[in-house]
Every structure is written in C-alpha cells, then in structure tokens.
Amino acid sequence: MEVPSKSNKTWHDIVTGKKVFQLKFLAAKILLGRLTRSAKDDPSPGNIDTCIDQLYNIFVNNKSMPSVQDDLKTIFG
C-alpha cells in the first residue's frame, strides 16, 4: 500500500488525536505520542502541518516494512 498524501484529512485527525489507532511500528508510535502532545499544546495550523510532515515522512521512509504496511491498512483501510 502506498502512503496517502499529506493532504489526506486522516493525517490531521491522527496528529490532533481525533482518531486513535494502535500502531505496530514502534518508531511511529513513539513519534505520534510526541506529536499529539505538541499539537495539543500548540494547535496552530503551522504546528499541525509540521506534525503531519514528520509523521508522513516516517511512514514514507519506512513504507517497505511489514509493520508500516499493517499500520497503513489499519489507518487508511
């Protein structure tokens, strides 16, 4: 599965905590914890975009890993 574009609304919902998923990819799980706290502390559009960029990039850079593929299916179907 390819990584959906950063414009997909689900990225926004994940980093803001509107949607919660149990991720298998440990690095993304740790990063997401930090990003949701950052988005909660500073919900400005610029910070949210930065959070989405970081989460998106970790998925793109590791998209061949089975745990990342599983997480993409869980999140985006």
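Ile48 lies in helix H3 of this predicted model, and with a relative accessible area of 6% the residue is buried, since this value falls under 20%. When neighbours within four places in sequence are left aside, Ile48 is in contact with His12, Val15, Thr16, Ala39 and Pro43. Leu35 stands 13 residues from Ile48 in sequence, and the C-alpha atoms of Ile48 and Leu35 are 8.6 Å apart in space.

Both Ile48 and Leu35 take part in the contact between H2 and H3. The two helices pack with their axes 10 Å apart and at an angle of about 175 degrees; because this angle is over 145 degrees, H2 is roughly antiparallel to H3. On the side of H2, the contact is made by Ala27, Ala28, Leu31, Leu32, Arg34, Leu35, Ser38 and Ala39, while H3 contributes Asn47, Ile48, Cys51, Gln54, Leu55, Ile58 and Phe59.

For Trp11, once neighbours within four places in sequence are set aside, the contacts are with Val3, Pro4, Ser5, Lys6, Ile52, Leu55, Tyr56, Phe59 and Phe76. Leu55 and Phe59, both named among these partners of Trp11, also belong to the H3 side of the contact with H2.

Thr10 lies in helix H1 and is likewise buried, because its relative accessible area of 11% is under 20%. Not counting residues up to four places away in sequence, Thr10 touches Lys19, Ile75 and Phe76. Ile75 and Phe76 are in turn among the buried residues of H4, together with Ser67, Val68, Gln69, Asp71 and Leu72. The buried residues of H4 pack against H1 and H3. Just after H4, Gly77 takes a positive phi of about 80 degrees.

Ser7, which is found in the segment before H1, counts as exposed because its relative accessibility of 66% is over 50%. The C-alpha atoms of Ser7 and Ala27 are separated by 22 Å, the two residues being 20 residues apart along the chain. Gly33 lies in helix H2, which spans residues 26-41, and at 23% relative accessibility Gly33 counts as partly exposed, because the value falls between the limits of 20% and 50%. From Gly33 to Pro43, ten residues apart in sequence, the C-alpha to C-alpha distance is 15 Å.

As regards confidence in the prediction, the chain averages a pLDDT of 96, and 100% of the residues score at least 70. Within the chain, the confidence is highest in H3, at 98, and lowest in H4, at a mean of 96.

Note on methods:
Residues are numbered from 1 along each chain as its sequence is written. This is a predicted model: local features need pLDDT of at least 70, side-chain atom pairs count only at pLDDT 80 or more; totals for chains, interfaces and linings use all residues. Side-chain values use heavy atoms; hydrogens and water are left out. Helices (H or I, at least four residues) and strands (E, at least two) are DSSP runs, numbered from the N terminus. Buried means under 20% relative accessible area, exposed over 50%, partly exposed in between (1.4 Å probe, protein chains only). Contact means heavy atoms within 4.5 Å. pLDDT is the predictor's confidence in each residue, from 0 to 100. Axes are lines fitted to C-alpha atoms, for helices over the stretch in contact, and angles run from 0 to 180 degrees between N-to-C directions. Angles under 35 degrees count as roughly parallel, over 145 as roughly antiparallel, 65 to 115 as roughly perpendicular and the rest as oblique.
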